[in-house]
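This briefing is intended for a reader who has the sequence and the model at hand. Its points are grouped by topic and may be followed in the viewer.

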Amino acid sequence: MLQGLFMHVVNMEHYGHLINPDSYDTSRAAPELHEQFTNKLDWELHYLHEDFYKISVNESYELEQPCTDVFWFPIVNDYYCDDLIHTMETFGKWSGGTNKDERLSGGYENVPTRDIHMNQVGLEDHWIQLLKDYVHPVQLKVFEGYHSTLSAIMNFVVRYRTDEQPSLRPHHDSSTFTVNMALNTKDKDYEGGGVRFIRYNCTLVGLRKGWMLMHPGRLTHYHEGLPTTGGTRYIMVSFVNP
């Protein structure tokens, strides 16, 4: 043995990792959605969009801006979208789409939709953590100079269909900024749909599944949900920093 010789050994091969199975509840409609805290690495590999990493690791990555101050970027993949829809449809307690809403503290919704809140299916904390981990860094990049602790008390999946509520009247959101994520695909799952930002006369249709729109909520981005003319359209919406 040589004296005074320092040896540094690194194993660069990945042979797997430990997981925590204790929280995996097979009685849930989509158990993997709930693994975000206990098995985060596997959750990320299973659900994050493959192109999201281009945003997170590439400082020069330019986000698409299809309308003024409306930013569009990939966030989750088809597995996440399909599991979230499955969770909501399994729960099945869609709101009535009227102004009366007992889920809200004041019992009144000014611009009602047919929806289910994330806290109704036990995913509120998971979704807010997703916003903090993956959306907040993007927000800091595109809305330069706006710094705050992220919060969101309205997080919900909306269902549009011709025999229920096909569209949404023009409105402002009760938020500093809003995120709106398509959960399924135009011309495959539904016809019509989309959003129009009235002030800018800018219309977006055929929104990409798993991609998120991020835009200011109050004052500037008055918008409407365009009619779904066939099938069922699902979107995930959050009013951030109300």
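Strand S6 and strand S10 (residues 211–216) run antiparallel and are joined by five bridges. The model described here is a predicted one. The chain contains four helices and twelve strands, and 48% of its 242 residues are buried.

- Six of the six residues of S6 (residues 177–182) are buried, so the strand is largely enclosed by the rest of the structure.
- Phe177, Val179 and Met181 point one way from S6, while Thr178, Asn180 and Ala182 point the other way; all are buried.

**The disulfide**

- The structure has one disulfide, which joins Cys67 to Cys202 with an S to S distance of 1.9 Å. In general, a disulfide is a covalent bond between the sulfur atoms of two cysteines.
- The torsion about the S-S bond of Cys67 and Cys202 is about -80°, so this disulfide is left-handed.
- Cys67 belongs to strand S1 (residues 64–67) and Cys202 to strand S9 (residues 202–204), so the pair ties together parts that lie 135 residues apart in sequence.
- Cys67 and Cys202 are both buried.
- Another cysteine, Cys81, is buried as well, with a relative accessible area of 0%.

**The surroundings of His221**

- His221 is located in the loop between S10 and strand S11 (223–225). Its relative accessibility is 1%, so His221 counts as buried.
- Residues up to four places away in sequence aside, His221 touches Thr68, Asp69, Val70, His171, His172, Phe197, Tyr200, His215 and Pro216.
- A polar atom of the His221 side chain lies 2.7 Å from the backbone oxygen of Thr68.
- Phe197 is 24 residues from His221 along the chain, and the C-alpha atoms of the two are separated by 6.1 Å.

**Helix H1 and its cover**

- Trp43, Glu44 and Tyr47 are buried in helix H1 (residues 40–47). These three cover an arc of only 95° around the axis, which puts them on the same side of H1.
- An α-helix has 3.6 residues a turn, so residues three or four places apart point the same way.
- The cover over the buried residues of H1 includes helix H2 (52–57), helix H3 (78–91) and helix H4 (124–142).

**Nonpolar cores**

- The largest nonpolar core has 42 residues, and Ile75, Tyr80 and Leu84 are those with the most contacts inside it. H4 supplies the largest share of this core, seven residues.
- Neighbours within four places in sequence aside, Ile75 is in contact with Leu48, His49, Phe52, Leu130, Tyr134, Val135, Met181, Gly210 and Met212.
- Another core, of eleven residues, lies apart from the largest one; among its members are Val70, Trp72, Cys202 and Leu213.

**Loop residues**

- Ser95 is found in the loop between H3 and strand S3 (115–117). Ser95 is buried, with a relative accessible area of 11%.
- Apart from neighbours within four places in sequence, Ser95 is in contact with Arg103, Thr113, Arg114 and Asp115.
- Most residues other than glycine have a negative phi.
- Asp69 is a residue other than glycine with a positive phi, near 55°. Asp69 is found in the loop between S1 and strand S2 (70–74), and at 33% relative accessibility it counts as partly exposed.
- Asp187 likewise is not a glycine and has a positive phi, of about 70°. Asp187 is placed in the loop between S6 and strand S7 (190–192), and at 60% relative accessibility it counts as exposed.

**The chain as a whole**

- The C-alpha trace spans about 80 × 45 × 35 Å along its principal axes.
- Of the contacts between residues at least 6 apart in sequence, 77% join residues at least 24 apart.

Conventions. Residues are numbered from 1 along each chain as its sequence is written. Side-chain values use heavy atoms; hydrogens and water are left out. A disulfide is a pair of cysteine sulfur atoms within 2.5 Å. Helices (H or I, at least four residues) and strands (E, at least two) are DSSP runs, numbered from the N terminus. Buried means under 20% relative accessible area, exposed over 50%, partly exposed in between (1.4 Å probe, protein chains only). Two strands pair if DSSP finds at least two bridges between them. Contact means heavy atoms within 4.5 Å. A polar contact is a pair of N or O atoms within 3.5 Å; within protein, one must be able to donate a hydrogen and the other to accept it, and residues adjacent in sequence count only if both atoms are side-chain atoms. The arc is that of the directions from the helix axis to the C-beta atoms. A nonpolar core is a set of buried Ala, Val, Leu, Ile, Met, Phe, Trp, Tyr and Cys residues joined through side-chain atoms within 4.5 Å.
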